[in-house]
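New notebook page. I want to look up a few contacts in this one and write down what I find.

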Amino acid sequence: MFYGSVVWDPWLIVAQIVCLQCFYYLTLGVFVSIFVGTRVSHMSLVYFFDFATVTASTVTGWCVIASILLTSVAGAGYMFHLIERAKKCLDFSATVYIIHLFICIVYGGWPSSITWWVVNGTGLALMALLGEYLCIRRELREIPIPRYRSNV
C-alpha cells in the first residue's frame, strides 16, 4: 500500500477498531488471569471494569495495575501490526480507552478513583507513544534498492 494516496475506508477503520479492542481485552484477560488469578479464589469481570479494583493499597490492586500497563505495551505491538501508521496511533489508542471508559461506566458507574484515572491515562500514553515509536521506526527504514550492474 502506498502511503501517499489516502483513501478513506470506513469499513477498514471499524475493523481495525474492533480488532484492536478485542486484542486489548484478550491480552488484559491473559494478564489478569496470570497476576490476579493466582491471588483470588474467584475471577470475575470486576477486575476488568470496576474502578475500585484499581488501587495501590493492596497487592491485588497492584497486580491489576500491572496487568493494565502490560496490556498497553502489548497494545502498542498490536497497533504496529494492525494500524501501521504513526500518525494514527494516538487516535486508535484514545478510541480503545474511550470505549473502555464507556464499558466501565456501564458496569460500575463513573470512575471516582484518582488511581483509575492515573493508571488508564498512563496506559493510554504508553500505548500511543510506544506505538508511534514502533511505527516511525518502520516508516523511516531505508527502502532496499537492488543495484544490478550489467556486465556489458
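Which residues is Ser72 in contact with, leaving aside its neighbours within four places in sequence? I looked them up: Tyr97, Gly123, Leu126 and Met127, where contact means heavy atoms within 4.5 Å.

Ground rules before I go on. This is a predicted model, where local features need pLDDT of at least 70, side-chain atom pairs count only at pLDDT 80 or more, and totals for chains, interfaces and linings use all residues. Residues are numbered from 1 along each chain as its sequence is written, and side-chain values use heavy atoms, with hydrogens and water left out.

**Ser72 and its helix**

I find Ser72 in helix α3. Helices here are DSSP runs of H or I with at least four residues, strands are runs of E with at least two, and the numbering starts at the N terminus. Is Ser72 buried or exposed? Its relative accessible area is 0%, so I put it down as buried. The scale I use: buried is under 20% relative accessible area, exposed is over 50%, and partly exposed is in between, with a 1.4 Å probe and protein chains only.

**α3 against α4**

Two packed helices are described by the angle between their axes and the distance between the axes. I looked up both for α3 (residues 59-82) and α4 (residues 89-108): the axes come within 11 Å and cross at roughly 140°. The axes are lines fitted to C-alpha atoms, for helices over the stretch in contact, and the angles run from 0 to 180 degrees between N-to-C directions. α3 and α4 are therefore oblique to each other. For the words: under 35 degrees is roughly parallel, over 145 roughly antiparallel, 65 to 115 roughly perpendicular, and the rest oblique.

**His100**

Still in helix α4, I stopped at His100. At 2% relative accessibility, His100 is buried. Not counting residues up to four places away in sequence, His100 touches Gln21, Tyr24, Tyr25, Phe48, Phe49, Trp116 and Asn120.

**The loop and its salt bridges**

How many salt bridges are there? I get two, taking a salt bridge as a side-chain nitrogen of Lys or Arg within 4 Å of a carboxyl oxygen of Asp or Glu.

One joins Glu84 and Arg138, at 3.7 Å from N to O. Glu84 sits in the loop between α3 and α4, Arg138 in helix α5 (residues 114-139), and 54 residues separate them. Glu84 is partly exposed at 30%, and Arg138 is partly exposed at 22%. I also noted that Glu84 has a positive phi of about 70°, although it is not a glycine.

Another joins Glu139 and Arg85, with the closest N and O atoms 3.5 Å apart. This pair also links helix α5, where Glu139 lies, to the loop between α3 and α4, where Arg85 lies. Glu139 is partly exposed at 35%, whereas Arg85 is buried at 17%. Last entry: Arg85 and Cys135 are 50 residues apart in sequence, but 5.8 Å apart in space, C-alpha to C-alpha.
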